[in-house]
Amino acid sequence: RDGEHWTHQPGIFLDRNHQAKTWDHAMAWVGDVITVGDKEFIYYGGYAEGHKVGPRRLGVATLRKDGFVSYDAAASAEGILCTRPFTWDAKKLTVNAIVRGELRARLLFAESGLPIPGFFWRDCEPIHGDSVAHPVRWKGDVGIPTGQSVRLEFSLRDAEIYGFEMIR
């Protein structure tokens, strides 16, 4: 998202409770989302019987941080995810992912698309497990080239990637 262009995802994000006689059975709507630590707290309203019947109530649902959408790769096939070009201005990189298989990252020169020496797939320490902030490390303690136009590319197998964060 860039603040101007948005892509609507099909389907219902937060559905009403389909169990009869519950306080949010007739209708539910999201009021606000607040990030606290590793979770998104989704505050939502609802009512049981109809728009003008009975009281409205407030509930809270939780979700992993930035867990609204993910790019998923199966165990049977490698998935590749590449960013648009951007100027690298960070000292560290973390990735929010559930990795049952393996995830690696590499840096590419934006114009040529060629890997930056020291930032190839083989240089990236494999990432495993579930974390909203897996540290991404390349072998040899190579300094990440700041101020360059780059692309970041992720290789994943049997994994879900939710986002990444560059830390200055």
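Predicted model: local features only at pLDDT ≥ 70, side-chain atom pairs only at ≥ 80, totals over all residues.
**Exercise 1.** Work out which secondary structure elements the chain holds, and how its radius of gyration sits against that of a compact globule.

Solution. Start with the elements: there are zero helices and nine strands. Going along the sequence, that reads β-β-β-β-β-β-β-β-β. Next, the radius of gyration: a compact globule of 168 residues would come out near 15 Å, but this chain has 20 Å. Then look at the box around the C-alpha atoms, roughly 65 × 35 × 25 Å along the principal axes. Finally, check the burial: 34% of the 168 residues are buried.

**Exercise 2.** Take the aromatic pair of Trp-29 and Tyr-47 and classify its geometry, then say what the pair ties together.

Solution. The structure has five aromatic pairs. Now place the residues: Trp-29 is in strand E1 (residues 27-36) and Tyr-47 in strand E2 (residues 39-47), so the pair links parts 18 residues apart in sequence. As for cover, Trp-29 is partly exposed at 30% relative accessible area, while Tyr-47 is buried at 8%.

**Exercise 3.** Find the residues behind the nonpolar surface patch of about 410 Å², and locate Val-69.

Solution. The patch is made by Phe-13, Val-30, Val-33, Phe-68 and Val-69. To locate Val-69, look in the loop between strand E3 (57-64) and strand E4 (71-73).

Definitions and conventions: Residues numbered from 1 in each chain as written. Heavy atoms only, no water. Patch = residues over 30% accessible without salt bridge, like charges linked within 9 Å, V, L, I, M, F, W, Y side chains within 5 Å. Areas by Shrake-Rupley, 256 points an atom, 1.4 Å probe, with all protein chains shown as cover. Salt bridge = Lys/Arg side-chain N within 4 Å of Asp/Glu carboxyl O. Helix = DSSP H or I, 4+ residues; strand = E, 2+ residues; numbered from the N terminus. Rg over C-alpha atoms; globule rule 2.2 N^0.38 Å. Buried < 20%, exposed > 50% of the residue type's maximum accessible area, 1.4 Å probe, protein only. Phe/Tyr/Trp six-rings, centres within 6.5 Å; stacked < 30°, edge-to-face > 60°.
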